Amino acid sequence: YEIRLSLVGSEMCIRDRYKRDHELADLHLAAQTVNDLFPDYKKSIDIILKGHKIFFKNMFICNWVLFDNYMSWLFPILDEIETRKTKLQLPYYPRLYGFLSERLFTLYIYHQHLKVKEIPLLTLNESIKNPYKKILSPRAILARWGLLNWY
């Protein structure tokens, strides 16, 4: 499985970093929800939250069976978190599930003992002069795949 791995940093565990950047109560709600729905994850949750590795960006490449299993696990948790969440803060609230799902993705990978392969992430930034911009632009990629009739 090809998945991007990022390190939080040795000075802060996942729980402390979440506390610094977000509302810790949301992370506790997510952990409690996983414990309620999937009690066999309890030990893994404790290990992950005290750990220093996390998979950011919610990006991964895998086969359909693994993808379906993960989604069947993830979305009931997120749905339950949404029903339990009482305090909603805009504009932060819509991003909450992305932040939590990064931690849940890390938990799932750890608990399922999945093999991970790190691959580089290419980011195209308009402010950086990029000689490959024309080659790698979304329009150029779609045209080369034959999904656009014009370039």
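**Helix packing**

Author: The model is a predicted one.

Reader: Which residues of α4 make the contact with α2?

Author: The α2 side of the contact consists of Leu29, Ala30, Gln32, Thr33, Val34, Asp36 and Leu37. Facing them from α4 are Trp73, Pro76, Ile77, Glu80, Ile81 and Arg84.

Reader: How is α2 oriented relative to α4?

Author: Helix α2 covers residues 24–37 and helix α4 residues 64–84, and their axes lie 9 Å apart. The packing angle is about 120°. Roughly perpendicular ends at 115 degrees and roughly antiparallel starts over 145, so α2 is oblique to α4.

Reader: Are α2 and α3 roughly parallel or roughly antiparallel to each other?

Author: Helix α3 spans residues 42–50, and its axis comes within 9 Å of that of α2. The two axes cross at roughly 155°. Angles over 145 degrees count as roughly antiparallel, and therefore α2 and α3 are roughly antiparallel.

Reader: What is the handedness of the crossing in which α2 passes α3, and which residues of α3 meet α2?

Author: The crossing of α2 past α3 is right-handed. Leu27, Ala31, Val34 and Asn35 belong to α2. They meet three residues in α3, namely Lys42, Ile45 and Leu49.

Reader: How many residues of the contact of α2 with α3 are nonpolar?

Author: One residue there is polar and one is charged. The nonpolar residues number five.

Methods:
Residues numbered from 1 in each chain as written. Predicted model: local features only at pLDDT ≥ 70, side-chain atom pairs only at ≥ 80, totals over all residues. Heavy atoms only, no water. Axes fitted to C-alpha atoms, helices over the stretch in contact; angles between N-to-C directions. Helix = DSSP H or I, 4+ residues; strand = E, 2+ residues; numbered from the N terminus. Parallel < 35°, antiparallel > 145°, perpendicular 65-115°, else oblique. Contact = heavy atoms within 4.5 Å. Left-handed = near helix turned anticlockwise from the far one by under 90°. Nonpolar A, V, L, I, M, F, W, Y, C, P; charged D, E, K, R; others polar.
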